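Please find below a short note on this structure for a reader who is meeting it here.

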Amino acid sequence: MLTWRNMHVTVRTVSGILNSFRVIRSRECMCAHGRIRTFTTGRILHNKFFKDLENQFNAARDKVADALPGSQWSPFEMNPNLPPERADIVIIGGGVIGWSIAYWLKKKERVRDGVKVIVVEKDPTYSQASTVLSAGGIRQQFSLTENIQLSLASADFMRNINEHLGVLNQEPVDLQFNHSGYLFVANESVAHIMEENYSTQRLAGAKVSLLSPVQLKEKFPWINTEDVALASYGLENEGWFDPWTLLNAFRQKAISMGVIQSIGEVTGFNCTLNRMDTVDGETVDVKRIKHVNVRMPNSREYQPVECAIVVNAAGAFSAKLVDMMGIGTGPKDTLSGMALPVEPRKRFIYVFNCPDGPGLDCPFLVDYSGIYFRREGLGGNYITGTSPEEDAEPDVSNLDVDHEFFQEKIWPSLAHRVPAFESLKVTSAWAGYYDYNTFDQNAILGIHPLAQNMFFATGFSGHGLQQSPAAGRAVAELILDGSYQTLDLNGLGFQRIMAKEPLLEKNIV
């Protein structure tokens, strides 16, 4: 066995052999040439052929010294992709919500590098990310003031995006924002809801106009208005943009500000536990995360990251993180049984071509039947989709596309609203996930009462991309300021779930 003493002796012995070899080499040179100058030739040969070898032995001697107790040397090579062992805040989920939160945390820090932030994302290709698989729309035509304010603030952010997300020596950010607006179409039975929403939107500051069937036909002659009682059209801050560009802009800016990107999957938490009694006499376990365990891709290697705060921005799969903590496993209708009501829901988006379809003035149209469509680039291309019935939700174990769904559920409504769409050709399609809030289909922001230091930003149910700039700022305010500073979003917290008082949207797409 090689001991520390033996290693030390071995290096000294090797050094002695090297010195002896130098002498033998010199003598050989002297014997071969018989003159004093041959000794000089021997030094030159030694310098050429044995200098590297001597350096290697010196390095070995240093390595043995470093291996002594108390040194930092390790015989194992460290994985350079491992996240740091410690951070202030770990954000789980590298979609647009996660990176927006990371950006705002760094934007709000009072001292540069005062807040150490890590963003953990398991899929660096974003091949199944909800952000990049969305339709890319933004609107203020909601019925809830919170949603209207979130989208108004986000639209303002996007209009001035290079003031926020521009990075030195990089190309300006171009979201390819198309300001063609949203157009909602209502029949007689839901027209009164549209009028109520219009009043709420105007009070919140949205620029929206109501159109009669005659006015609608004048503005968009290609629409069939026979069954239309009223339409609502966004005049400003509505349309669509490129989702990947926004995600990447947030990511690059946050990294330039010092945020650490970690590619890996969170597999568990190390928590402390405090047992408490509620005012109702229920005994609950309140947990506080001490370490986040991050496993490297295609490996069993993982890194526990010690942290003060965790942000759950894992989107459609955010409930899985709560399950890891053992939260929500108690009896139904109790605090200990309050799980995170978010699950993945699969949605299809179809691309079709119709040369005779609406032109450049085509808005993002949402029909009262539930179908939507918008223009996709030029050349008569469009994208479309709709949500299935509650009892007909597709399998979420994969992202396969059901092409019969287009034929049976979408095309008839498309052709009815736009007669030109009676003749079209589907050219491609894809599927993506909603982080679907089964409670009321709206965002859940803030802390779960049983997870003391885990902040949530999930459950947007299809609104996350368009609301990401303002939602990220809101969560950063909760973390660093202790309360909302710019928008009052207290209604989107867990309190409504505990009280069983859903905030239901009247316009859900």
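1. Helices (H or I, at least four residues) and strands (E, at least two) are DSSP runs, numbered from the N terminus. This is a predicted model, in which local features need pLDDT of at least 70 and side-chain atom pairs count only at pLDDT 80 or more, while totals for chains, interfaces and linings use all residues. Residues are numbered from 1 along each chain as its sequence is written, and side-chain values use heavy atoms, with hydrogens and water left out.

2. Three strands form an open sheet in the order S9-S10-S11, and their pairing is antiparallel, where two strands pair if DSSP finds at least two bridges between them. Strand S9 (265-277) and strand S11 (302-306) are the edge strands, each pairing on one side only. From one strand to the next the twist averages 35°, with axes taken as lines fitted to C-alpha atoms and angles running from 0 to 180 degrees between N-to-C directions.

3. Strand S10 (residues 283-295) runs antiparallel to S9, and 12 bridges join the two; Met276, for instance, has Val284 in S10 as its bridge partner.

4. Most residues other than glycine have a negative phi. Asp333, in the loop between helix H9 (318-324) and strand S13 (342-353), has a positive phi, near 65°. Asp333 counts as exposed, at 58% relative accessibility, given that exposed means over 50% relative accessible area, buried under 20%, and partly exposed in between (1.4 Å probe, protein chains only).

5. Gln441 also has a positive phi, near 60°, and lies in the loop between strand S17 (425-437) and strand S18 (444-447). With a relative accessible area of 11%, Gln441 is buried.
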